[in-house]
Each structure stands twice: as structure tokens, then as C-alpha cells.
Amino acid sequence: MQGTLITSIDELPPLLRASVSPEEAEYLETIQLQGLLPFRVTPHFASLAGTTQDDPIRRQFFPDPREAWDDPFGLSDPLGEALYRTVPRLVHQYRDRALLLAGGICAGYCRYCFRRVWIAQSQEFISETEVSQVLGYLKNHAEIRELLISGGDPLTGTDEKLAWLFRELRSLKPTLLLRLCTRTPITNPYRLTPELIGLLKASRPLRMVVHLNHPREMAEQTKKALADCLDAGIPIHVQTVLLRGVNDDAEILALLFRECLELGLSPYYLFQLDLAPGTAHFRVPLKQGLALYQKLKTQISGLGLPKYTVDLPGGGGKISLHDSVIIGTQDDPRGKVYVLCDHDGKRWTYPVE
Ligand code: SF4
């Protein structure tokens, strides 16, 4: 990390500090008092931000009083992960792959985070006991061929802890594909040291999935860190969250995905926002997202086009979004909703607005 983490207004660079409104400062106190998702940003990511409240980088990390809006659709576990949690740190929802919640914190916190309730509880890096439970489960489930390593951000663990975790997994299943989900190359590219990249290289088969939302996140340090990983033979995929006021513009997204292709990264998912509490002001209406995606298709080649996808609220899993997935609307006690039909013909709902 270059510089120490910023967790208060006083630690912000002067121009950003001056941009904080009294309402924002008051809300920051509220989240501290109520134990909500903390304010935390790396000096690197803060340095990319502009000083207006609608700046797309600033919006992603600075707490917004609109988080306190009462959103009737907000779910503390928007993906329904608790339904599939087999042991405390493992979620097994899809037959051949599982999700390991390895890291409990992130280098910086995204205000739209879908796992914000879990993260606000400041989980530690996975313990020996928890790893034993995970290994016990994996041993009895030969069908699991791929393990998503997420959290929090696993790269907040030390090299020693990561090396130990990868070693334990490899000794049980030498061919297990590790899918390392991280935002660290964007928020703290200095973490990708030659030592860490060497460790990732030695832990292959391993692919990195980087969470990247806006072309301005492609700083020179980030590009270098990602290029070094690619040079080490680590394939990199990109997942992007569609965010109102950040990247809800086909031209911005086309620019982002073109840059990804130029660097050798593969755009993978464009996610419709999950229904985490306090994030409604980031939600792009589904119909608007579909129209934006149609426009995006005309602007970039298929190689650079991620799959526009929603994780069905409440544990339905991922489905690709297109017009025919929406089979109607209905009134719900929480407001108007779309009715979506999954691959098995099962119906799910998602808010219209
Ligand atoms: S990096 Fe991922 S897990 Fe961490 S705060 Fe952002 S969205 Fe949440």
C-alpha cells in the first residue's frame, strides 16, 4: 500500500476534503455510530477522484446520505447465499463450482457492495479451523472443479496466508481451478508485487476476475500490475457493475471494454445491481439497462462484450438479461416489479425502478 488507508474526512487529500458537504459529513458520523459499511478508501483510488459529488470515482467510495433511503426491496443477503452455505466460509450453489469467502475485508469499500452487511462485520481472513471445514466438504464433493475465492477481497490477506490457503487447496485437489475475485489491482495496484504475482503463478490453474467499473480506474499503475499478471501466464477476466451516475452510458462502457481488450483482459460480466440495502440510488432501471446493452453491442466487437447478467434476488442464481427473460410486471407490496423467468421456468421478481 502506498500511504495509509483513508477512513476519515481529515485524511482525504485537501481538494476532496473541501468537497465534503455538511450532509455527507453528518451521514459519515451516522454510519460509524450504527456500524454500517465503513468509509474506507486507498490513497491511490482517492487520487483518481474528482471533487464534485457526482464524480464517478468519488461516488463509488464516498458515503452518500441517500444510503439511508428506505428501500423496500433491500435485502441483507441479496444473493440468498445463506441458503447454500454448507460450512461457514463455503457457498455451494452451482453443481461444479463453489464460492470460498476467504477474505473478510477489502482494500477499500464500494458503497454499492452486495455483501456489505457481511463485510460490515469485519471478518478475519479465513482461519485454520474454517479451512479444515472447507477441505472436509470439498473432499466429499468431487463434482466441485472450480473454486471462486472472494470475500471481501482475498488479496487483503498476506502473501503467507494466501500461500498457505492455496497450498491446502492444491494438496487436496491438484487440478481445482481457482478463480480469484479481486478489486485490489484497481484500488491498490502496488499490492501486486513480483512476490505476489510469483505466488499466483505457482498456484495455477488460477484465473483472476477483476472488478472494474470505469475507464478512469485504468491508471498506469493498474495497467502495469495487470500486464505483469498476464505476462506471468495468469488469465484475467473483468466483471463490471452497472451503476447509475458512474457507468450507465454505452460510450463509457465501450471505452472501458476497448481498453480491456487492448490490454489483453476479457470482459466477462456486466452485472445488474444486486438489491443490497442502501444502494437503491445506484440502481439503473432494468429496461434502461437493456436498452444500454443493445447500444453497447453496436459499439464493440463480441470479444469485448460482457454478458449482461443479474443474480436473481433471493438465491435464484445468475441469468443473462434480454427482453424475453422479462415476462411481465406485477404489483407487489413493495412496489411495481418485473417478473423474470429463469432457465427452469421458475419465476422471480426484480423492481421496475
Ligand atoms: S471490492 Fe467487492 S466485496 Fe469489496 S466492497 Fe467492493 S464490491 Fe464489496
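Ala, Val, Leu, Ile, Met, Phe, Trp, Tyr, Cys and Pro count as nonpolar, Asp, Glu, Lys and Arg as charged, and the others, Gly among them, as polar. By these classes, the shell around the ligand holds five nonpolar, one polar and one charged residues. The structure is a predicted model, in which local features need pLDDT of at least 70 and side-chain atom pairs count only at pLDDT 80 or more, while totals for chains, interfaces and linings use all residues. Residues are numbered from 1 along each chain as its sequence is written, and side-chain values use heavy atoms, with hydrogens and water left out.

The residues that surround the ligand are Cys 106, Tyr 109, Cys 110, Cys 113, Ile 119, Arg 183 and His 211 (a residue is near a molecule if one of its heavy atoms lies within 4 Å of it). The ligand sits in the largest pocket. A pocket is an open set of points on a 1 Å grid over the protein atoms alone, where a 1.4 Å probe fits, with protein on both sides within 12 Å along at least five of seven lines. A molecule sits in a pocket if more than half of its atoms lie within 2 Å of its grid points.

Six aromatic pairs are found in a search of the whole structure. Rings of Phe, Tyr and Trp (its six-membered ring) pair if their centres lie within 6.5 Å; planes under 30 degrees apart count as stacked, over 60 as edge-to-face and the rest as tilted. The ring centres of Phe 39 and Phe 62 are 5.2 Å apart and the planes meet at 65°, so this pair is edge-to-face. Phe 39 lies in the loop between helix H2 (22-34) and helix H3 (43-47), and Phe 62 in the loop between helix H4 (58-61) and strand E1 (85-87); the pair links distant parts of the chain, 23 residues apart. Helices (H or I, at least four residues) and strands (E, at least two) are DSSP runs, numbered from the N terminus. Both Phe 39 and Phe 62 are buried (under 20% relative accessible area, with exposed over 50% and partly exposed in between, for a 1.4 Å probe and protein chains only). One aromatic cluster is formed by Tyr 268, Tyr 269 and Phe 271.

Phe 62 also has the charged end of Arg 58 over its ring, 4.9 Å from the centre. Arg 97 lies over the face of Tyr 94, 4.5 Å from the ring centre. A charge sits over a ring if NZ of Lys or CZ of Arg is within 6 Å of the ring centre and within 35 degrees of the ring normal.

Two cis peptide bonds are described here. One joins Gly 151 and Gly 152, with omega about 20°; Gly 152 belongs to the loop between strand E4 (146-150) and helix H7 (159-172). Another joins Arg 204 and Pro 205, with omega about 10°, and Pro 205 is in the loop between helix H9 (194-202) and strand E6 (206-211).

Leu 28, in helix H2, counts as buried because its relative accessibility is 5%. Ile 144, in the loop between helix H6 (128-139) and E4, is buried at 1% relative accessibility. Leu 178 is part of strand E5 (residues 177-182) and is buried, with a relative accessible area of 0%. Pro 351, in strand E13 (residues 347-351), has a relative accessible area of 2% and is buried.

Conventions. On a 1 Å grid over the protein atoms alone, a cavity is a set of points where a 1.4 Å probe fits but cannot get out, and a pocket is an open set with protein on both sides within 12 Å along at least five of seven lines; lining residues have an atom within 4 Å of a point.
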